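Thanks for coming. I will go through one model this morning, so please have the sequence and the structure open.

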Amino acid sequence: RLEWVRLIRSKRLVALVGVYVFFGLLGPVTARYIGEILQRFGNEVVVQFPDPVPPDGIAQFTSNANQIGLLVAVVVAAGALVIDAIPEMSIFLRTRVDRIDRLLVPRLAVSFAAVAAAFVLGMLAAWYETVVLLGSLSVTDLLLGTLLTLVYMAFVVALVAALGSRLASVLGTVATTVVALLVLPIFGLVDAVGRWLPSHLLGALDGLLRGTNGVSEYVPATVLTLALTAALVWLATRWAARREL
């Protein structure tokens, strides 16, 4: 309850939901009218785009959500998960619990729940506008793609927790997490490796909705991502417990 109150009163939840819902509303509109927008500001230069299809609306949303939205999610998660960022508060909290996981696990759960809720709300907004402006989508593929994206987000929150327990700095944790998330897809340039990387899950929504990939394409990445998430949570607890006041 304390973590939910902190998230709401600090306006972090509002910022998180606002970003995802904004891009959820903007994405399908951009996909539908991108040709007209560029034509209006193109100084009479003729720009031709293929006719938009329903998956384009979701693709526009996820491209922004997986960049700006994810950055906001990392900042919000770091603000909650870096327990030792303020030494006085850290001492106050640590001396009132017998195990560090009683501090860390609720923050992990609430942070992931907030990020997941924000993404789902943004997805619902994007889905609604896509149906109105572009046409219907496969509900099954949409739900599966959303679930796989949430698996990746759980990995990101766990990564923030592990790095935060090690670095004890919100700014340092945010910077290191962003660098790690940017570097990770580079290994995906090798096809045999890319199918196993957590970042492969970011393409699940688009791949499933367009029919270019089946669910089996994302099974290796899902298995490894879940295993890495569990390992990162364990590391976060272990590193936080070993830190001296």
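Val179, Leu182, Val183, Ile186, Phe187, Leu189, Val190 and Val193 make a nonpolar surface patch of about 780 Å². A patch here takes residues with over 30% relative accessible area and no salt bridge, joining like charges within 9 Å and nonpolar side chains (Val, Leu, Ile, Met, Phe, Trp, Tyr) within 5 Å. Areas come from the Shrake-Rupley method with a 1.4 Å probe, and for residues only the protein chains shown count as cover. Helix H7 contributes the most to the patch, three residues. Ile186 sits in the loop between H7 and helix H8 (191–194). Helices are DSSP runs of H or I with at least four residues, numbered from the N terminus.

This is a predicted model, where local features need pLDDT of at least 70 and side-chain atom pairs count only at pLDDT 80 or more, while totals for chains, interfaces and linings use all residues. Residues are numbered from 1 along each chain as its sequence is written, and side-chain values use heavy atoms, leaving out hydrogens and water. pLDDT is the predictor's confidence in each residue, from 0 to 100. The chain averages 89, and 94% of the residues score at least 70.

Next, salt bridges: a side-chain nitrogen of Lys or Arg within 4 Å of a carboxyl oxygen of Asp or Glu. The count is eight. Arg107 pairs with Glu3, their closest N and O atoms 3.4 Å apart. That pair links distant parts of the chain, Arg107 in helix H5 (residues 101–133) and Glu3 in helix H1, 104 residues apart. Are these two buried or exposed? Buried means under 20% relative accessible area, exposed over 50%, and partly exposed in between, with a 1.4 Å probe and protein chains only. Arg107 is buried at 7%, and Glu3 is buried at 10%.

Arg210 and Asp206 also form a salt bridge, 2.7 Å from N to O. Both lie in helix H9 (residues 204–210), four residues apart, about one turn of the helix. Arg210 is partly exposed at 36%, as is Asp206 at 27%. Elsewhere, salt bridges with shared partners join Glu3, Arg6 and Arg107 into one network.

Last, backbone angles. Lys11 is not a glycine, yet has a positive phi of about 70°. Lys11 is exposed, with 57% relative accessible area. Ala168 also has a positive phi, near 60°, but counts as buried at 19%.

Technical notes:
Helix = DSSP H or I, 4+ residues; strand = E, 2+ residues; numbered from the N terminus.
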